[in-house]
Amino acid sequence: YKRQKCLNAADRVFLCLPDEAAREAVAMIDNPNTRVIDASTAHRTAPGWVYGFPELKKGQREAIAAAKRVANPGCHATGFISVAAPLVELGLLPKDADLSCFSLTGYSGGGKKMIAQYEGGDKTEQMCSPGIYGITQGHKHLPEMQVICGLEKAPVFSPIVDDYYKGMATTVLLRNDTLPGRPTAQEIHQALSSYYAGQTFVSVAPFGGDEPVIYSDTLVGTNQLRLIVCGHEAQTTVTALFDNLGKGASGAAVQNMNLMLGFAETAGLE
């Protein structure tokens, strides 16, 4: 009863719960003025919920601002969607595309249990090297990766955890000759640059930069997401570089809260 009373007394509620507990909490809310931001996986493709990625497409920011229920994106999903969704929207990526994606994350993305393993006495020698997981292709972010992008098939997805605290690099791999019009890597770069022009938190790095390596912890401590497009006429990789605890989690939640409260979108995030 106390929990239900608190939920209904709040103007804004953040849910940081397991999926089933998040569903139970939402079911307790009967106050029409209580607005929810759910950080779990439970409602990311649910009817009546707005997906909390303001830069997704035209009108998404306004939809979040007006929403009663907002689903905060998953971290890996944020990276994939930031690449694939605009390419589908622009017609450069067919909805029936066969996509593959790998995503490197720091161990903080695994929550308290994984953090304790990496930072406590249970850490093994193997944990000092990258660990590929989700190998049964059942990762919990796959439904939103497919649905939010409007894809007919989920990507083949390989998440990787490594021995560092935070930072994420999500890479989508493309064969240009399978895409409509066979765009070059530079043309894909130009399309993404135009799509995200004017955004505060999502940007596209210049094409053809001379950095030989992309480091996944480059944007830690920020709410920034930067796309890095590489390749040539036949093949392209697009990497989304961001903080899994920033734009990939709590930073995104604060950004959504700001929109829902009518605050400056950047409040507390610059």
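The structure is a predicted model, and it contains 8 helices and 11 strands. The radius of gyration of the protein is 19 Å, close to the 18 Å that the globule rule gives for 270 residues, so the protein is as compact as a globular protein of that length. Along its principal axes the C-alpha trace spans about 60 × 50 × 35 Å. Of the contacts with a separation of 6 or more, 66% are accounted for by residues 24 or more positions apart.

Turning to burial and surface, 48% of the 270 residues count as buried, while the protein exposes about 13,100 Å², of which carbon and sulfur atoms supply 54%. Among the side chains, 23 are positive and 27 are negative, and the centres of these two sets lie 9 Å apart.

Strands of a sheet pair through backbone hydrogen bonds, in either a parallel or an antiparallel manner. In this protein, an open sheet of 4 strands shows parallel pairing and runs in the order β1-β2-β4-β3. The edge strands of this sheet are β1 and β3, each of which pairs on one side only. Strand β3 pairs with β4 in the parallel sense over 2 bridges, and V50 has V70, in β4, as its bridge partner.

| Strand | Residues |
|---|---|
| β1 | residues 12-15 |
| β3 | residues 50-51 |
| β4 | residues 69-71 |

Terms used. Residues are numbered from 1 along each chain as its sequence is written. This is a predicted model: local features need pLDDT of at least 70, side-chain atom pairs count only at pLDDT 80 or more; totals for chains, interfaces and linings use all residues. Side-chain values use heavy atoms; hydrogens and water are left out. The radius of gyration is taken over C-alpha atoms; the globule rule is 2.2 Å times the number of residues to the power 0.38. Buried means under 20% relative accessible area, exposed over 50%, partly exposed in between (1.4 Å probe, protein chains only). Contact means heavy atoms within 4.5 Å. Accessible areas come from the Shrake-Rupley method with a 1.4 Å probe; for residues, only the protein chains shown count as cover. Lys and Arg count as positive and Asp and Glu as negative; His and the chain ends are not counted. The place of a charge is taken as NZ of Lys, CZ of Arg, CG of Asp or CD of Glu. Two strands pair if DSSP finds at least two bridges between them.
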